[in-house]
Amino acid sequence: MRCLLLTALLVAACSKGPDADLPAIGEARSLAAEWALVNEQAAAGHVTPTYARTMRAKLREQLQTSLGSLTQPKSEYGNEVRSLLAASGDASPEQLRAHTRALKRIEDSLESA
Amino acid sequence: MNPLELTLGIMTAVGGFVDISELVFAAQAGSIFGYALIWAFAFSTIGIMAFGEMAGRVAAVANQPVFNLMRHRLGLKLGLVTLFASLLSTLVTCAAEIGGLGLILHYLTGAPYLLMSVVSTAVVMASMWVLPFKWIERVYGLLGLLMLVFAAALVAIHPPWDKVLGGFVPQVPSSLSTKQLLQFGYFGVAILSAVMFPYEAYFYSSGGMEEKWGPKDLLTNRVTTTVGFVLGSLLAIAILASSAQLFGPALVGPEEPGTTALEAAIPFGRAGLLIALLGMLMAVAGAAVETCMANAYAISQFFGWEWGRHKKPWDAPRFTIAWIAFMLLALAIVLTGADVMTLVEYAVLFSIIVLPLTYLPLMLLAGDKGYMGQYANKWLAKGLGWTYFVIVCLAAAAAIPLYLLTSGGQA
Amino acid sequence: MKLTGSIKLVCQLLDLPILDKDERWCGIVDDVELEGEPGKTTRVAALLVGPGAYSGRMPKFAYRIVRAMAGNRIVRVPPAEIADIGSAVRLKCTAQKVGLHRTEDRVRAWIPRWGAL
């Protein structure tokens, strides 16, 4: 019984695949949404250029970390994060929100699976 | 009771209530669960009011600092365990605050984050050296009132007030999946921990002794802990409610502490953003001072050293070395590159585990007629104290499993 | 309370803070030294203050850590110097007289004496 439990724990700890990537997908979705919000407010003149620049850099840095933590980086969601990172810092909010919605769709489908 | 002193005390409590942990968890809770966790803030605030009042009363009546009395009640061995656990949890909290300071200055100036962490630490340490206790508390507390911009921002975005008020009713949303329920539980525990951080009781109690409180100041103590903490809590609730209105529908987590400032930028533009960032800077700086001094108080009182910032630094030399050392240790943790959000999570996790060890001796002391005479806990303080002690124990037991099961609140 | 009648060592004396006649904090009652013989009254011979007094109150491994960090100094405070025992032990004399402020005075030399308001 103890061996079985230990094995189950080890398997859980080393799990790969979409389930293990779910927290990172949610994080990437939020980061994309934050980026869109920052750019929207920057376009409206509601934030300082320094704030916009530093937030964009921080958000991209976090997205890079999320991509690096994926157990399946060549998956649909991995590609989505990579194309997000390829966007320019001042990308349009609509473009960024399209990625947000795509990641949200993937997140929801994995959660309901 | 001097009305000016009382007003300043309340305003200081308001401005000093919110720290980096509450900023982060309020914004995330609002975004993920809407208004459903407002009651967790309200509930936790009643807890800190009860224990804060006890801590102030013990300082004013027994005229002994909390950690002196704690060692006397718990003895050396258990006292050392409590001391060590408390120092560790407060050190991590201090590191989170310093990291938060570095980040906020980075958003304001564009200068590198780690450099800003070093600069802000130096400025905070200089202020702790130069200013006597009363002015340290007042400067950071009163400047922290810039955070009121978040309350104004909530009003400006016209939230559904019926839903905001409905959030004060204890609830668990019915439509949650098992994972989301666990996440909800995790946020409830994290909010309890962030509001009832152990360092707040130590700092408040020692602060009362720094200001030479006596039985005549008991009304001041009661008013500060009730009115001040309630108003401070409403600020945190305003951040949560704005997040529910602005961030939730936009699918924003938020993952970056700087995103919270957008709550003021959206209705008020650049001026709102700048006031929000400056308010966050002062509130987090105040929390860095409190956590650092709470550790210095704890170790000095436990070993019977001279302590207090009402004395000049050279008149309490080991206390001075202690707060300098703790501040530098906290900075060292930040300089390892540890992520601020991770530090916040660990601060909250360690603190909830230490909370029962902190609050039980305090409650027993406040109820001990030998020390407190006629000012010992009466039925309300006893009732609230024991109720919250049980809740804190349950939360402490649930904290680590919930953290692991939800991957740190990610579900 | 004076140290002339009977006293409960653990709940009324041990781990109490010590204040000298100038109201300065000067340590904690880390242990108590007793004197007496079989059949005779046991008396408090001295209050023991300092890390060396922990040796009988904690596991050996923990005391080794304490000794490595803080040394094993013990200061003996004779009962004659005790003015009162209540929520703290109050001394009749200054901390210097019984050797209680040595470390504080040594550390004071490291602290610059300027800049504070």
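How far apart do the closest C-alpha atoms of chain A and chain C lie, given that no contact joins the two chains? The figure is 33 Å. Please keep in mind that this is a predicted model. Here are my notes, beginning with the chain contacts and then turning to the individual chains.

1. **Which chains meet.** There are 2 pairs of chains in contact, and chains A and B share the most contacts of these. Chain B also touches chain C, with 25 residues of chain B in contact with 23 residues of chain C. Chain A and chain C have no contact with one another.

2. **The A side of the A–B interface.** Here 24 residues of chain A are in contact with 22 residues of chain B. On the chain A side, the elements that give two or more residues are α2 (18-43), α3 (49-69) and α5 (93-112) of chain A. The largest share comes from α2(A), with 10 residues.

3. **Confidence in chain A.** Chain A has a mean pLDDT of 88, and 87% of its residues reach 70 or more. Within the chain, confidence is lowest in helix α1 (residues 2-13) of chain A, where the mean is 53. It is highest in α3(A), at 95, and α3(A) is one of the elements that give two or more residues to the side touching chain B.

4. The most comes from α4(B), which gives 6 residues. By class, this side of chain B has 14 nonpolar, 6 polar and 5 charged residues.

5. **A helix pair inside chain B.** Have a look at helix α1 (residues 3-15) and helix α11 (residues 218-246) of chain B, which pack at an angle of about 35° with their axes 7 Å apart. The crossing of α1(B) and α11(B) is right-handed. From α1(B), the contact is made by B:Leu6, B:Gly9, B:Ile10, B:Ala13 and B:Val14. The residues from α11(B) include B:Val223, B:Val227, B:Gly228, B:Phe229, B:Gly232 and B:Leu235. Taken by class, this contact has 9 nonpolar and 5 polar residues, and no charged ones.

6. **Chain C in outline.** Chain C has 3 helices and 7 strands, and along the sequence they follow the pattern α-β-β-β-β-α-β-β-β-α. The C-alpha atoms of chain C fill a box of roughly 60 × 35 × 20 Å along the principal axes. Of its 117 residues, 26% count as buried. Among contacts in chain C between residues at least 6 apart in sequence, 44% join residues at least 24 apart.

7. **The four-stranded sheet of chain C.** One open sheet of chain C has 4 strands in the order β2-β1-β7-β6, with mixed pairing. Why is one side of β2 and of β6 of chain C left without a neighbour in the sheet? Both strands, β2 (25-28) and β6 (82-85), stand at the edges and have a single partner strand each, so one side of each has no neighbour in the sheet. From one strand to the next, the twist averages 25°. Strand β1 (residues 17-19) of chain C pairs with β2(C) in the antiparallel sense over 2 bridges, and C:Leu19 has C:Trp25 as its bridge partner in β2(C).

8. **The three-stranded sheet of chain C.** A further open sheet has 3 strands in the order β3-β4-β5 of chain C, with antiparallel pairing. Its edge strands are β3 and β5 of chain C, each pairing on one side only, and the twist averages 35° from one strand to the next. Strand β3 (residues 31-35) of chain C is joined to strand β4 (residues 43-49) of chain C by 5 bridges, and C:Glu33 has C:Ala46 as its partner in β4(C). On the other pairing, β4(C) and strand β5 (residues 75-77) of chain C share 3 bridges in the antiparallel sense, with C:Leu48 opposite C:Arg76 in β5(C).

Conventions. Residues numbered from 1 in each chain as written. Chains lettered and ligands numbered in written order. Predicted model: local features only at pLDDT ≥ 70, side-chain atom pairs only at ≥ 80, totals over all residues. Buried ≥ 20, exposed ≤ 12 C-beta atoms within 10 Å, placed from the backbone. Contact = placed C-beta atoms within 7 Å. Nonpolar A, V, L, I, M, F, W, Y, C, P; charged D, E, K, R; others polar. Pairing = 2+ DSSP bridges. pLDDT = per-residue confidence, 0-100. Axes fitted to C-alpha atoms, helices over the stretch in contact; angles between N-to-C directions. Left-handed = near helix turned anticlockwise from the far one by under 90°.
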